[in-house]
Amino acid sequence: MEAADFLTSHYRPGLVLLSIAVAILAGYAALDLTDRVHAAQRRYSWIWLAAGAVVLGSGIWAMHFIGMLALRLPIHMSYAVVPTALSWLMAVAASAAALRLACRARLDRGAWLGGSAFMALGIVSMHYTGMYAMEIKPGIVYDPVWVVLSVLVALTGSAAALGLSFALRQARQRLRTTKKSAAAVFLGVAIAGMHYSGMAAAQFPLASQSLVAGGVDKTWLALLIGSLSVVLLAATLLASALDRRLETQTADLIASLQTANEQLRHNSHHDALTNLANRRLLHERLDREIEYAGRRGGSFAVFYVDLDGFKLLNDHLGHRAGDEVLERVANAMRDTMHDNDTVARMGGDEFVVLAAGADGTADIDRLAHRLLTAIRQAGDTIPGLSASIGWSRFPDHGNKPEALITAADRAMYHAKHNGKNNCVGFRPEMAHLAEDEFQLQRALGEALEAGAIVVYYQPKYRPADGTLCGAEALVRWHHAERGVIMPDRFIPLAERSGQIDQLERIVLGSVCAQIRAWRDAGLVVPRISVNLSAARVGDPRLPGLVRRHLDRYDLEARSLMFEITESVAIKGMLEAIDTLKCFSRMGLDVALDDFGTGHSSLSYLEKLPIQQLKIDRSFIRELGASMPQQAAIVSSIVTLAHNLGLDVVAEGVETAEQLRYVIELGCDEMQGYLFSGAVPAADFARLLAGARDISQLPGAEPAAPERVPEYG
């Protein structure tokens, strides 16, 4: 047939542009939905797949019919409902197949070509089924060349769409939107190219007329398709954007939760201040190292580190400065050890080091001294900061984490008691000593409750006339099996265990009650001095406790005197001054005991509100013709004290020669076994009643025994 035998047709440019725009929008929605289907969880991916198939298929179908509506023929046109609906289903089916392939993790050549062919077949079938829905008679005549060309365009566009969907998945996030837009334009033009090449293949004979009666009206179909396309595609893009935003927020939330979870896990295994391992992580690593060393027959060491003098630093410089020192010490120890070792903070100023590579005793000692050096260097601006280190070794000293830590801890206490700033390895007898100390601590608690703690009194005299001028209260523990236990055995134990508070209350209450009992018996009672524990001097509650006891027994403040050792006064200077000032305001005098052993300076004597100085017995013991320089030292101390307005007490006077020097040097008071040891309250009462010699009384301690630390 000649061209003159066919109807003349033309296109409305506006609808053509609209069809291309719909095709581009559909292409963009398809690519965006491909991302959604791929990113969605497995149980939700089918929802996005179904939605994507409907949207993409509807977009292609809408573009097709808008393009057909753009065609102007000099005949009335309408569309049969069933073929029209069937063409839509074909577009949806082709889109579903394409999206399903696009969601694969990878696309091999066979699947790509087969999928492209299926998608092209669906699009071509949709197009020509839609053309068939016009039901023109005589039938539409197709140009084979244009038909083949339309099929090739559909096949090329389908293959390109699948390839682009995979290529965009690998694109960087900031470039993905730009590339997706460019790909959508390409796909839209390809879809439109297929349609219009297919339309170019259609020729309508001059006698053509529509056979559709009551079909879908062209105007109504235009309105329906245009509205459906815009609404459906816009809703899809909006849903996709919201889902992407939700996915981003969810991903951010998951990332935040993962970060928080990692931080919580880290915090649960590390010390907050030093970032060292904590007890939990230490035990985990010890368990692992024990298993490993046991399997290969090896060994390793555990060090228990306790800082010397840290409490003094913390009290004087403040907790912030103390924390800085702990951080520096922690970093120094961590830098000293190997990467496979573990440094843990147990709390306060105590640390534990797991040295996986340490084996022999010499190797362990060298490593311990390296730790000591590192700690001293970390505190180079802090005088006196050092450490006491105890160590244990697997499997010699235990095969459980707690056993190894306990053994190292016991060795550390031996290092601390033997001068500090050194290291000691665990020995089996330390376990027996620790057990003995534990039993003694438990027995002390029972003794405090049962009243087995008894106060003895050692009289003090004036050298000038030998008159009784006071007494020092000294505590003794009457143990049912061990006999009398001296204070040097149980006072340090009470301080470490926290029982010192109860012990001091008992002693103070006992002394005040005894003074009241003596006075009620008509005796004239001189001032009684009571020793204060190093652990209690800085307690701000102490002055209130003393006041309550004085009020309870109706005693004036001059009835008591407190004694603090020189070392306590120096170490706890700030706390000691505050407490002593409170005592001074109450009218209580304070004596500085053991003077000469704590390396005091004049500045300390000037600052401390004290009224009495007690010369340590080590100076008095050396007085004699054979050591004239010792007499010169004591004379200087007496002169210094008197110039400062302080009374001087010579303690430990045990011989007549010492007594002669004490009198010549001008001491104000004296005490010692030359006159009397500490005696029970009943024997001291006889002395108060007028007895001159109590050395033979039943309760008196033997003359000149070895010196024991005094406490009351």
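Tutor: Let's start with one term: a contact means heavy atoms within 4.5 Å of each other. We are looking at a predicted model, where local features need pLDDT of at least 70 and side-chain atom pairs pLDDT 80 or more, while totals for chains, interfaces and linings use all residues. Residues are numbered from 1 along each chain as its sequence is written, and side-chain values use heavy atoms, leaving out hydrogens and water.

Student: Then let me try the term on a residue. Which residues is Met412 in contact with, leaving aside its neighbours within four places in sequence?

Tutor: Met412 touches Tyr304, Asp306, Ser388, Ile389 and Gly390. Met412 belongs to helix α12, residues 401-417; helices (H or I, at least four residues) and strands (E, at least two) are DSSP runs numbered from the N terminus.

Student: Is Met412 buried or exposed?

Tutor: Buried means under 20% relative accessible area, exposed means over 50%, and partly exposed is in between (1.4 Å probe, protein chains only). Met412 has 0% relative accessibility, so Met412 counts as buried.

Student: And what of Thr84: where is Thr84 found?

Tutor: Thr84 sits in helix α3, residues 81-102. With 7% relative accessibility, Thr84 is buried too. Beyond its neighbours within four places in sequence, Thr84 contacts Trp61, Phe65, Tyr79 and Ala133.

Student: Now a sheet, please. In what order do the 5 strands of the open sheet come?

Tutor: The general idea is that strands of a sheet pair through backbone hydrogen bonds, either parallel or antiparallel. Here two strands pair if DSSP finds at least two bridges between them. In this model the order is β10-β11-β9-β12-β13, with mixed pairing. The edges are β10 (342-347) and β13 (423-425), each of which pairs on one side only. From one strand to the next, the twist averages 20°; axes are lines fitted to C-alpha atoms, for helices over the stretch in contact, and angles run from 0 to 180 degrees between N-to-C directions.

Student: In what sense do β10 and β11 pair?

Tutor: They are antiparallel over 5 bridges, with β11 covering residues 350-355. To find the pairing on screen, look for Arg345, which stands opposite Phe351 in β11.

Student: Which helix lies across β9, β10 and β11?

Tutor: That is α10 (residues 319-336), which runs at about 10° to β11. Helix α11 (residues 361-378) also packs on the sheet, touching β9, β11, β12 (386-394) and β13, and its direction makes about 155° with that of β12.

Student: On to the rings. How many aromatic pairs does a search of the whole structure find?

Tutor: Rings of Phe, Tyr and Trp (its six-membered ring) pair if their centres lie within 6.5 Å; planes under 30 degrees apart are stacked, over 60 edge-to-face and the rest tilted. The search finds 8 pairs. One of them is Tyr128 with Tyr142, edge-to-face at 5.4 Å centre to centre and 75° between the planes. Tyr128 lies in helix α4 (residues 109-132) and Tyr142 in strand β5 (residues 141-142), so the pair ties together parts 14 residues apart in sequence. Tyr128 is buried at 17% relative accessible area, whereas Tyr142, at 30%, is partly exposed.

Student: Why is the pair of Phe562 and Phe583 called stacked?

Tutor: Because their ring centres are 4.8 Å apart and their planes lie at 25°. Phe562 is in strand β18 (residues 560-565) and Phe583 in helix α18 (residues 573-586), so this pair links parts 21 residues apart in sequence. Phe562 is buried at 1%, and Phe583 is buried at 0%. Elsewhere, Tyr457, Trp518 and Phe684 form one aromatic cluster.

Student: Which ring does the charged end of Arg660 sit over?

Tutor: A charge sits over a ring if NZ of Lys or CZ of Arg is within 6 Å of the ring centre and within 35 degrees of the ring normal. Arg660 sits over the ring of Tyr661, 4.7 Å from its centre. Likewise, the charged end of Arg476 is over the ring of Tyr456, 5.9 Å from its centre.
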